[in-house]
Amino acid sequence: MGKIIAIANQKGGVGKTTTTVNLAAALGVLEKKVLLIDADPQANASSGLGIDVEAVEAGTYQVLEHSSTPHEVIVTCSAPNVWVIPAHIDLVAIEIELVDKENREYMLKQALQSVKDEYDYILIDCAPSLGLLTLNALTAADSVVIPIQCEYFALEGLGKLLNTIKSVQKIHNPALDIEGLLLTMYDSRLRLSNQVVEEVQKHFHDMVFNTIIQRNIKLSEAPSFGESIINYDATSKGATNYLHLAEEILKKNSKVSL
């Protein structure tokens, strides 16, 4: 049975989509079968893997409103062993449309039952908000990865996200686990970056991944070519970082399943 991991943080620009795309690609390279679900109306995870978002006729929106099954909307992408349920700008409307629906928080969870056994990992790229889209992702997920940028406001809003996760655990998904806090955009030359790393590790200990994602120009360039960092430049720091993260997640989950 596949493990569903949501990549979530209500703050924008922390590396959620970069992490979702490149972790999926890294797991694919390590011969795991991966489904990426783009649950962000900006659809950057879809375009970042070479999918023409304007041409998307059905995707996450239709899956959430149950007018299409996941099987009907899954598409291939530029990363080996990775498949995608793409997003489109119409996903913006789903928050309003789900409001009056019964079991509105469980729409994604219900839809994924039919495909969960077909993949080793299902990664959900969450929107930068704590609305119904993200709530659906957290309710459907087995665990959550929280990217935190190594910058001044790094811990701002983290408490709110952790409280949301506690609420989801209490009300909708008691089995939801925190896969780990991922430090991103690290620059070893900056004293501030090192201070943030120390602060996060001091407060959260084992919850923090050993892998730290370093600032890397190639990571910024890759999406414009519709490729993951693994495809774009396998020798870059970014590729090495995400491969290490994938290995760390695989190691952690192999221990859990023993």
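A salt bridge here is a side-chain nitrogen of Lys or Arg within 4 Å of a carboxyl oxygen of Asp or Glu. By that rule, the count in this predicted model comes to 6 salt bridges.

- Lys3 pairs with Glu179, and their closest N and O atoms are 2.8 Å apart.
- Lys3 sits in strand E1 (residues 3–7) and Glu179 in strand E7 (residues 177–186), so this bridge ties together parts that are 176 residues apart in sequence.
- Both Lys3 and Glu179 are buried.
- Arg215 and Glu151 also form a salt bridge, at 2.3 Å from N to O.
- Here Arg215 comes from the loop between strand E8 (208–214) and helix H10 (217–221), while Glu151 comes from the loop between strand E6 (143–149) and helix H8 (158–171), 64 residues apart.
- Arg215 counts as partly exposed because its relative accessibility is 44%, and Glu151, at 28%, is also partly exposed.

- The side chains of Arg189 and Asp187 meet in a salt bridge, 2.8 Å from N to O.
- Arg189 is exposed, with 72% relative accessibility, whereas Asp187 is buried, at 11%.

**Helix H1**
- H1 covers residues 16–29, and its 14 residues reach 20 Å from the first C-alpha to the last, close to the 20 Å expected.
- Most of H1 is covered, with 12 of its 14 residues buried.
- The buried residues include Lys16, Val21, Asn22, Leu23 and Leu27.
- After H1 comes Glu31, which has a positive phi near 70 degrees.

Conventions
Residues numbered from 1 in each chain as written. Predicted model: local features only at pLDDT ≥ 70, side-chain atom pairs only at ≥ 80, totals over all residues. Heavy atoms only, no water. Helix = DSSP H or I, 4+ residues; strand = E, 2+ residues; numbered from the N terminus. Expected span 1.5 Å × (residues − 1). Buried < 20%, exposed > 50% of the residue type's maximum accessible area, 1.4 Å probe, protein only.
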